Amino acid sequence: MTLLLLLRLVHILFGVFWVGTVLLIALYLIPAVREAVPFGAVLVVLIIFLFLRNVSATLIPSLALPLSILGTFAVMSLFGYTVDNLSLMALTLAVGMVVDDAIVVADSIVRRLHAGQSRVLAGIAGTAEIAWPDASGTLTTVAAFAPFL
């Protein structure tokens, strides 16, 4: 209620809506995102563990998630991009794809381990088996969104 009164006061005083939007983002959305991101990360790790039922296989996608986000922010900073709604939506899509790809590769490796292959051979063969399908799926998504760049 207080936020709505503040937004209305800003609109009355300044007569513009964008100031209210900036205040809304600063006062409400940024703290909400800060609370939601760790919760979402924990949910992703739990769901991965429920499907793979293996702690070491769960670590692969769980480590891929923060590393991909850090890499994305580094590239964005290098090219001078800022964090806005579009980049956050793209980051959400990219995180989902990275986690999905990591789960598929980890599942392939675990399946080969259960078949009796050594860890090294299962890692190499499992990754080689999934590399082209994962790459083609990722490139298809990139091609679909490339016109929006």
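## A walk through the helices

Let's start at Asp-101, which sits in helix H4 (residues 85-114); helices here are DSSP runs of H or I with at least four residues, numbered from the N terminus. Before going on, note that this is a predicted model, in which local features need pLDDT of at least 70 and side-chain atom pairs count only at pLDDT 80 or more, while totals for chains, interfaces and linings use all residues. Residues are numbered from 1 along each chain as its sequence is written, and side-chain values use heavy atoms, leaving out hydrogens and water.

Asp-101 is buried but has no salt bridge. Buried means under 20% relative accessible area, exposed means over 50%, and partly exposed lies in between (1.4 Å probe, protein chains only). A salt bridge is a side-chain nitrogen of Lys or Arg within 4 Å of a carboxyl oxygen of Asp or Glu. The nearest side chain of opposite charge to Asp-101 is Arg-111, 14 Å away; for charge, Lys and Arg count as positive and Asp and Glu as negative, with His and the chain ends not counted. Which residues does Asp-101 contact, leaving aside neighbours within four places in sequence? They are Asp-134 and Thr-138, where contact means heavy atoms within 4.5 Å.

Asp-134 takes us to helix H5, where Asp-134 is buried along with Ala-122, Gly-126 and Ile-130. Helix H5 covers residues 119-145, and at 1.5 Å a residue its 27 residues should span 39 Å; the end C-alpha atoms are 37 Å apart, which agrees. The expected span is 1.5 Å times one less than the number of residues. H5 also has a kink of about 40 degrees at Ala-131, shortly before the proline Pro-133; the bend is the angle between axes fitted to the seven residues ending there and the seven starting there.

What ties H4 to H5? Arg-111 and Glu-129 form a salt bridge (3.1 Å, N to O). Arg-111 lies in H4 and Glu-129 in H5, so this pair joins parts 18 residues apart in sequence. Glu-129 also forms a salt bridge with Arg-112, with the closest N and O atoms 3.5 Å apart. Together, Arg-111, Arg-112 and Glu-129 make a network of salt bridges.

Now for the nonpolar side. The largest nonpolar core has nine residues, including Ile-48, Leu-65 and Val-99; such a core is a set of buried Ala, Val, Leu, Ile, Met, Phe, Trp, Tyr and Cys residues joined through side-chain atoms within 4.5 Å. Helix H4 gives the most to this core, with five residues.

Methods: Helices (H or I, at least four residues) and strands (E, at least two) are DSSP runs, numbered from the N terminus.
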